[in-house]
Amino acid sequence: MSERRKVTVVGAGNVGATCAQVLAARDYADVVLVDIVPNFPQGKALDINQMGAVLGYEPYVVGSNGYEETAGSDVVVITAGVPRKPGMSRDDLVTTNEKIVGAVTDAAIAVSPDAILIIVSNPLDAMCHVAKNASGFPKERVFGQAGILDTARFRTFIAWETGASVKDVQAVVLGGHGDQMVSVVSATTVGGVPLTKLVSKERIAELVERTAGGGGEVVTLLGTSAWYAPGAAAAQMVDAIMLDEKRVLPCTAYLEGEYGIDGLYMGVPAKLGAGGIEAIVELDLTDEERTALDASAEAVREVVGVLSS
């Protein structure tokens, strides 16, 4: 392996492989892709390395069925677990994925004790609790990717609705990564203009609803979970940490009183840098948004309550 810094992605399925591919193309770190299926991560890594000759990037992507090659990773992205199938709720996944995420966390931190953990496995909020408990890491170093994906869906729908560039749409989606996520309409702008000035209240409600069901919409169409946007969203979080960008991005963070929520992983805007979550940003919410966030927190507590630990 070269002397570059290292990122590990656990789970070489669609989301993990997409994350690894996007990170490789960014060209600042070596990537280790880990999966239990023999030859599978090795094949994905070989393919991504050969894509470098076409797109012009130099990193070294390694596929592995173990954790030796992951030693000394700066960031570990955990995508391992079974994906949602049509008709399955995220909650149905809890018991199966709890065992997988717990075991993966133990194995990864044994050789990378200083790593920052980004959890992508569903049900996301609950799996963050599993990884935090398994690792014993401080809350700043264990958090999840959900809000960037949910916000990306909201921003996409807004761009289509307004005929604007998605680059000029600023939005944020908070709360649990489930059907009760909260799109903060009061903080949503297009080119600096509030969304409420551009789109009717009724139409905004439809966009919010489509965002909340965004994952399910893809599952219905594909027969499996999304992977391009989730993989890229996880890679964006890795960028913010590895390059110390201090980006304010919606992350599933452990709250201790922020937004009036205590002892729970929830999606909130957080400043991401070399230390992991360096600050949690508290937005001014409308009464309606705050009520919706409280309801989302209750829904998350129910799922977390299913955990064995």
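These legends describe close-up views of one predicted model. Local features need pLDDT of at least 70 and side-chain atom pairs count only at pLDDT 80 or more, while totals for chains, interfaces and linings use all residues. Residues are numbered from 1 along each chain as its sequence is written, and side-chain values use heavy atoms, with hydrogens and water left out.

**View 1. Helix α1 packs against helix α2.**
Two packed helices are described by the angle between their axes and the distance between the axes. Here α1 covers residues 14-26 and α2 covers residues 40-55. Helices are DSSP runs of H or I with at least four residues, strands are runs of E with at least two, and both are numbered from the N terminus. The angle is about 30° and the axes lie 10 Å apart. Axes are lines fitted to C-alpha atoms, for helices over the stretch in contact, and angles run from 0 to 180 degrees between N-to-C directions. The two helices are therefore roughly parallel to each other. Angles under 35 degrees count as roughly parallel, over 145 as roughly antiparallel, 65 to 115 as roughly perpendicular and the rest as oblique. The crossing of α1 with α2 is right-handed. That term applies if the near helix is turned clockwise from the far one by less than a right angle; anticlockwise gives left-handed. From α1, Ala17, Ala20, Gln21 and Ala24 meet Lys44, Ile48 and Met51 of α2. Contact means heavy atoms within 4.5 Å. By class, the contact of α1 with α2 has five nonpolar residues, one polar and one charged. Ala, Val, Leu, Ile, Met, Phe, Trp, Tyr, Cys and Pro count as nonpolar, Asp, Glu, Lys and Arg as charged, and the others, Gly among them, as polar.

**View 2. Helix α1 also packs against helix α8.**
Helix α8 spans residues 228-242. Its axis and that of α1 are 8 Å apart, at an angle of about 45°. The pair is therefore oblique. This crossing, too, is right-handed. Val15, Thr18, Cys19, Val22, Leu23 and Arg26 of α1 make the contact, together with Tyr228, Pro230, Gly231, Ala232, Ala234, Ala235, Val238 and Asp239 of α8. The residues of the contact of α1 with α8 divide into 10 nonpolar, two polar and two charged.

**View 3. Strands β1, β2 and β3 pair in the parallel sense.**
Strands of a sheet pair through backbone hydrogen bonds, either parallel or antiparallel. Two strands count as paired if DSSP finds at least two bridges between them. β1 (residues 6-10) is joined to β2 (residues 30-34) over five bridges. Valine 9 stands opposite leucine 33 in β2. Four bridges join β2 to β3, and valine 31 has valine 61 of β3 as its bridge partner.

**View 4. Both faces of β1 are covered.**
In a regular strand the side chains alternate between the two faces of the sheet. Lys6, Thr8 and Val10 lie on one side of β1, Val7 and Val9 on the other. Five of the five residues of β1 are buried, so the strand is largely enclosed by the rest of the structure. Buried means under 20% relative accessible area, exposed over 50% and partly exposed in between, with a 1.4 Å probe and protein chains only. In β3 (residues 61-64), Val61 and Gly63 point one way and Val62 and Ser64 the other, and all are buried.

**View 5. Aspartate 150 sits in helix α5.**
This helix covers residues 147-162. Aspartate 150 counts as buried because its relative accessibility is 2%. Not counting residues up to four places away in sequence, aspartate 150 touches Val173, His177, Met181 and Thr211.

**View 6. Three strands form an open sheet in the order β7-β10-β11.**
The pairing is antiparallel. β7 (169-170) and β11 (193-194) stand at the edges with a single partner strand each, so one side of each has no neighbour in the sheet. Two bridges link β10 (residues 189-190) to β11. Valine 190 has valine 193 of β11 as its bridge partner.

**View 7. A cis peptide bond joins asparagine 122 and proline 123.**
Omega is about -10°. Proline 123 lies in the loop between β5 (116-119) and α4 (124-135).

**View 8. Aspartate 27 has a positive phi of about 70°.**
Aspartate 27 is not a glycine. Its place is the loop between α1 and β2. At 27% relative accessibility, aspartate 27 counts as partly exposed.
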